[in-house]
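Thanks for sending this one over for a second pair of eyes. Here is my note, written to be read with the model open beside it.

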Amino acid sequence: MALLTGCSAAVDLADATSGNLSGLGDKALHERMRKAVNGVRYVRISDVRAATTSTRTEVHLDMRTGDFTTSGKAASHTIEMISVGGELYVKASRAYWQRRLGADRADLVAALEGKYGHAAADDPVRSKMAATAKAVDPRTVVDKLAKADRREETFVDGRRMVVLVETEAGEAARMYVPADGPALPYQAISTGSGSDDGAVTVTWSEYDRPVDIKAPARDLVVELPNLGKAPGPAL
């Protein structure tokens, strides 16, 4: 869709929302979770797309502004993205741009060496990436699981977890929340009957650890044409 380390703001949050979640009723648990995720600003997201791809993507998200950075690793290349104020910048290897842009754009490929491509204003990749970042925002997931069913608690990475499951229209989502401490989601696994990517596992960590998300310097930016789709690996 991870580990609760962070700055003093996260400590204050923990003081306000800590406790054993096991004894809470469903409504009280969701309210505790909603309060917790609304009280933080930054989060790190690790996204693993299993089954059909080896892509690994890491995201740092400013939940207040929607700005984010991503670093995606596939078998043959790495792609970095920065989104600030809706502007999207993409950095990739020469080999990737050669495949993506084609032989007739050799000058543009050369210009992109070591620099960021700035997505065109009319390129749908901007809104697609913003929507995807919102989808893995822990606040979004907590809201979607407002009516999820409780399951028997289990251990994940050595920590006891409250388990929430919701199945709807052929899609299933399972979320793990540490039973002790701030009611901040640790991990979610979602599957869809029509998904080409198989199960997607999202792990949240570093809640409220500040991240400085800035657009690249102008001399490191090259304007791109409308590419028409996410230049993957994306979120």
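The numbered points below go from the overall picture to single residues.

1. **Ground rules.** This is a predicted model, in which local features need pLDDT of at least 70, side-chain atom pairs count only at pLDDT 80 or more, and totals for chains, interfaces and linings use all residues. Numbering starts from 1 along each chain as its sequence is written, and side-chain values use heavy atoms, with hydrogens and water left out.

2. **Overall make-up.** The protein chain has 6 helices and 12 strands; these are DSSP runs numbered from the N terminus, with helices (H or I) of at least four residues and strands (E) of at least two. Of its 235 residues, 44% count as buried, where buried means under 20% relative accessible area, exposed means over 50%, and partly exposed is in between (1.4 Å probe, protein chains only). The accessible surface comes to about 11,400 Å², and carbon and sulfur atoms account for 50% of that; the areas come from the Shrake-Rupley method with a 1.4 Å probe, and for residues only the protein chains shown count as cover.

3. Strand S3 (residues 68-73) runs antiparallel to strand S4 (residues 78-84), with 6 bridges joining them. Two strands pair here if DSSP finds at least two bridges between them. Lysine 73 stands opposite threonine 78 in S4. S4 is in turn joined by 5 bridges to strand S5 (residues 87-91), again antiparallel, and glutamate 80 has lysine 91 in S5 as its bridge partner. The hairpin of S4 and S5 has 2 residues between the strands, and glycine 85 takes a positive phi near 60° there.

4. **Nonpolar cores.** A nonpolar core is a set of buried Ala, Val, Leu, Ile, Met, Phe, Trp, Tyr and Cys residues joined through side-chain atoms within 4.5 Å. The largest has 49 residues, and those touching the most other members are Met33, Ile45, Leu88, Trp97, Met175 and Trp204. Helix H2 (residues 26-38) gives the largest share of this core, 4 residues. There is also a second, separate core of 6 residues, among them Met161, Val165, Tyr176 and Tyr186.

5. **Methionine 175.** This residue is worth a look for its neighbours. Apart from residues within four places in sequence, methionine 175 is in contact (heavy atoms within 4.5 Å) with Met33, Val141, Val142, Leu145, Val162, Val163, Leu164, Pro185, Gln187, Ala188 and Trp204.

6. **Helix H2.** With 13 residues, H2 reaches 18 Å from its first C-alpha to its last, close to the 18 Å expected at 1.5 Å a residue; the expected span is 1.5 Å times one less than the number of residues. Leu29, His30, Met33, Ala36 and Val37 are the buried residues of H2. They cover an arc of only 125° around the axis, which puts them on the same side of H2; the arc is that of the directions from the helix axis to the C-beta atoms.

7. **Helix H3.** Tyr96, Trp97 and Leu101 are buried in helix H3 (residues 94-101). Seen down the axis, the buried residues of H3 fall within an arc of 110°, so they line one face of the helix. They pack against S4, S5 and helix H4 (106-111). Just after H3, glycine 102 takes a positive phi of about 95°.

8. **Helix H5.** Which residues of helix H5 (residues 125-135) are buried? They are Val125, Arg126, Met129 and Ala133, and their arc of only 105° around the axis puts them on the same side of H5. Ser127 and Lys134 are exposed on the other side. The cover over the buried residues of H5 includes S2, S3, S4, S5 and strand S6 (116-118).

9. **Histidine 60 and arginine 44.** Histidine 60 sits in strand S2 (residues 56-62) and counts as buried at 18% relative accessibility. Arginine 44, in strand S1 (residues 42-49), is partly exposed, with a relative accessible area of 22%. Not counting residues up to four places away in sequence, arginine 44 touches Glu58, Val59, His60, Thr203, Trp204, Ser205 and Glu206.

10. **Valine 221.** Found in strand S12 (residues 221-223), valine 221 counts as buried at 13% relative accessibility. Its C-alpha atom is separated by 7.8 Å from that of tyrosine 89, 132 residues apart along the chain.
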